Every structure is written in structure tokens, then in C-alpha cells.
Amino acid sequence: QVHMEESGGGLVQAGGSLRLSCAASGSIGVINSMVWYRQAPGKERESVASFLSGGTTTYADSVKGRFTISGDNEKSTMSLQMNSLKPEDTGVYYCNTKGYSALGKVFDSWGRGIQVTVSS
């Protein structure tokens, strides 16, 4: 079983910055992807930024140029640096990791989510 835990959320004014972190623990063999999702009030959960095992990163159009994802497969950690925050970035942010356990079983694990609130 793989456990994910987010940290670093909070309240910030528009134009400010926050850094989210996520740590995975448990029986981890190989990590294939690390992804940050967010869910705004009344909206569906959406992918914000992803970090693949080969080092490739992708971003939602709405955050390109403002957010930066980084990951460390060996340490099973990832971060999301969020700059120039806007009120529409408000939501609950979740980290997700997919891969294989030390026993070769597929895992797809989610954190509990952390609140990010951007005031105007």
C-alpha cells in the first residue's frame, strides 16, 4: 500500500506564491507518473501538472508559465511551485502517483487533498 501526503497549502493574495509538496511512502518499487490535480468548488477534478518517469512535464494551459512541477522518483517526492496565483486557482489540490510496488503490483494512490485559497 502506498500512502500520499500533501503539505504547503493555505491562503494567499492574488499575485502571490505557494509551494505544495507531496511525499509517498510504503511499498514503492517504480514510479511511472506523479500528477497534481485540483478541484475547484462546483467543478470537476482536473489535471494541473504532471511529471513522468523520463522527466517529461506537462501543464494545463491555465497554469503554463506560472506553475512548475518537480519530482524525485528516488525519494518519492514531488512539488508544485505556484507563482502569480489567481483567484481561479482556488481549490483543493491532490497529488497522485502511479507505478508498481516492490512486489510488482500496480498502484494508483491519491493524497487526501490540501486547500489552496487565493483572495482577490
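Before the first click, one term: two residues are in contact when heavy atoms lie within 4.5 Å. You're looking at a predicted model, where local features need pLDDT of at least 70 and side-chain atom pairs count only at pLDDT 80 or more, while totals for chains, interfaces and linings use all residues. Residues are numbered from 1 along each chain as its sequence is written, and side-chain values use heavy atoms, with hydrogens and water left out.

**Stop one: K98.** Select K98, which sits in strand β9 (residues 91-100). Strands here are DSSP E runs of at least two residues, numbered from the N terminus. Beyond its neighbours within four places in sequence, K98 is in contact with V30, I31, N32, S33, Y37, F107 and D108. Its side chain also joins that of N96 in a polar contact of 2.9 Å (a pair of N or O atoms within 3.5 Å; within protein, one must be able to donate a hydrogen and the other to accept it, and residues adjacent in sequence count only if both atoms are side-chain atoms). K98 has a relative accessible area of 31%, so it is partly exposed; buried means under 20%, exposed over 50%, and partly exposed in between, using a 1.4 Å probe and protein chains only.

**Stop two: a sheet.** Now show β1, β3, β8 and β7: in that order they make an open sheet of four strands with antiparallel pairing. β1 (2-7) and β7 (67-72) are at the edges with a single partner strand each, so one side of each lacks a neighbour in the sheet. Strands count as paired if DSSP finds at least two bridges between them. β1 and β3 (residues 18-26) have six bridges, and you can find S7 opposite S21 in β3.

**Stop three: salt bridges.** Which residue forms a salt bridge with R38? Select D89: the closest N and O atoms of this pair are 2.9 Å apart. A salt bridge here is a side-chain nitrogen of Lys or Arg within 4 Å of a carboxyl oxygen of Asp or Glu. D89 lies in the loop between β8 (77-82) and β9, R38 in strand β4 (residues 30-39), 51 residues apart. Both are buried.

**Last stop.** Finish with K64 and D61, whose side chains form a salt bridge at 3.1 Å, N to O. Both K64 and D61 are exposed.
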